[in-house]
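Please keep the structure in view while reading.

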Amino acid sequence: MGQRSGVGLVELAILENLDARRAWPGWRPARCLKVLAALEDDLGLARGYAYQVLIDMALPWKLRVPLVEGQGNFGGRGNDPPASPSYTEARLSPAGQIALAAERGQIAPVPIGLINGNTHRQGTRPPFRPAAVIDAIRQVLARPRLPAGQITDLVGPPDFITGCAVTGDLAALAAGQRTELGLQARVTVTDAAHVSARVAKAAVPGHRPRGITRDPGRPVIIVDNFPPYANPDDIAMSISKRGQEYAWHARHPELSALTGLPIKEVMDLTSRGDYWFTCLPANGTDPELLRDQLLKVHGVTIYVSVGLPRPLPAMIRTWTRTYQHEDVQASLSALENALASRQQ
Amino acid sequence: MAAEPVSFVLVGSAALWLRGEQVPVGDADVVIEPGEANLRRLHEAMTALAIRPETVPAVHRLRDLTVATALTSYGRLDCLLERGRRDWGQLRQGAGYVAVADAPVLVASADDAWALRRRFKK
């Protein structure tokens, strides 16, 4: 791991290569195949592995601070894979450029590793909200004796970019213990009229989307804000499977009632990067009850094992103490600007 | 899996949880009884349970695999085939039935489940 940015070594090698090719923010991107070939020649990094890392660095639903800007098909959150590296291009994102500058000592260190975490690659460090981490570091710089509880409160809970709910023993995580977090999609009971309005809003101009049901007041359940590492196509398939009738249902009616889902139809309404689908409850089903059952489906809720190497306040304090002689404020401002430029 | 006609012993965290231990359950680990007929039933059960049935190994592959995994709507299912070929008799002897709703499930004894967990989960 790069000590001054917290970015992984393979990620840094990719950033270095993009920089050497002048694939800078706003400049012409480099063909991914060329980058991968160079990484294989120089470092012996297998292309398939390096490509996976490169893709992850560009995906906005995986990383709070994407280090690369991808052009071409980098794959979706469902079953659509990325295109071959012959057809994709990449360049440094503003944040990627800052990470590289920090590693080279051109600017003070930046806490990108702490913000991004590594759970997106089955690691144990969760991501945190960028503004909260930056604010906590600033506060500790200003008041080095800030109590640990206040630092934890400033950083807040882990924050996964898709907006999924996070449950679990957050105090244990902040204390540096290994624990398990539940990441939960948003499951909302609403009506068909609301769904139709959302579909119409997202529809391509001139295209008339089909209705959900003739009765606008009919209860419908919306599932969205999926956990970042769950595949929405698999979740839709999971729910459909649980709604089907099986031969064993007659033999074990109690188990069937416990595990089956009274669903009439599941509709994938994903459009233009907004992943969501609806479940139409079977006639006579209490939608609130179905909502609770849906939350138990694997994918709608997933569990990730997390842990920090030390208590969170100690990590923030050590980081600020180690680099306090450098102009950390300036590098934090540069990172903030990079993130703001991405949001524009 | 409890409702399918496959002969297996539940081990791992799910077994310990059913035995009353306070452990987080991340997946289901089942030791499969060796034998051709049971492997065929396992293949059918995995195909029915898997979110992507095309990823379930064919029966002839199940004969040689150490572990067959399927991602289901209930979570990850790991079928421990090699463990079944080696220790089925011993695990079956210590196991007992636990009711999951109205389906009886053969669950390893807490001692056996802990022993396997200590051996493979460091």
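At what angle do helix α1 (residues 9-20) of chain A and helix α3 (residues 47-58) of chain A pack, and how far apart are their axes?

## Basis of the model

This is a predicted model, in which local features need pLDDT of at least 70 and side-chain atom pairs count only at pLDDT 80 or more, while totals for chains, interfaces and linings use all residues. Residues are numbered from 1 along each chain as its sequence is written, and chains are lettered from A and ligands numbered from 1 in the order in which they are written.

## Two helices of chain A

The two helices, α1(A) and α3(A), pack at about 80° with axes 10 Å apart, where axes are lines fitted to C-alpha atoms, for helices over the stretch in contact, and angles run from 0 to 180 degrees between N-to-C directions. Helices here are DSSP runs (H or I, at least four residues), numbered from the N terminus. α1(A) and α3(A) are therefore roughly perpendicular to each other, a term covering angles of 65 to 115 degrees.

From α1(A), the residues A:V10, A:E11 and A:I14 meet A:A50, A:V53, A:L54 and A:M57 of α3(A), a contact being counted if C-beta atoms, placed from the backbone, lie within 7 Å. By class, this contact has six nonpolar, no polar and one charged residues; Ala, Val, Leu, Ile, Met, Phe, Trp, Tyr, Cys and Pro count as nonpolar, Asp, Glu, Lys and Arg as charged, and the others, Gly among them, as polar.

## Domains and chains

An automatic or database domain assignment supplies the domain bounds, dividing chain A into domain 1 (1-109) and domain 2 (186-299).

Between the chains, 14 residues of chain B are in contact with 16 residues of chain A, and the chain B side divides into eight nonpolar, four polar and two charged residues.

Methods:
Two residues are in contact if their C-beta atoms, placed from the backbone, lie within 7 Å. Angles under 35 degrees count as roughly parallel, over 145 as roughly antiparallel, 65 to 115 as roughly perpendicular and the rest as oblique.
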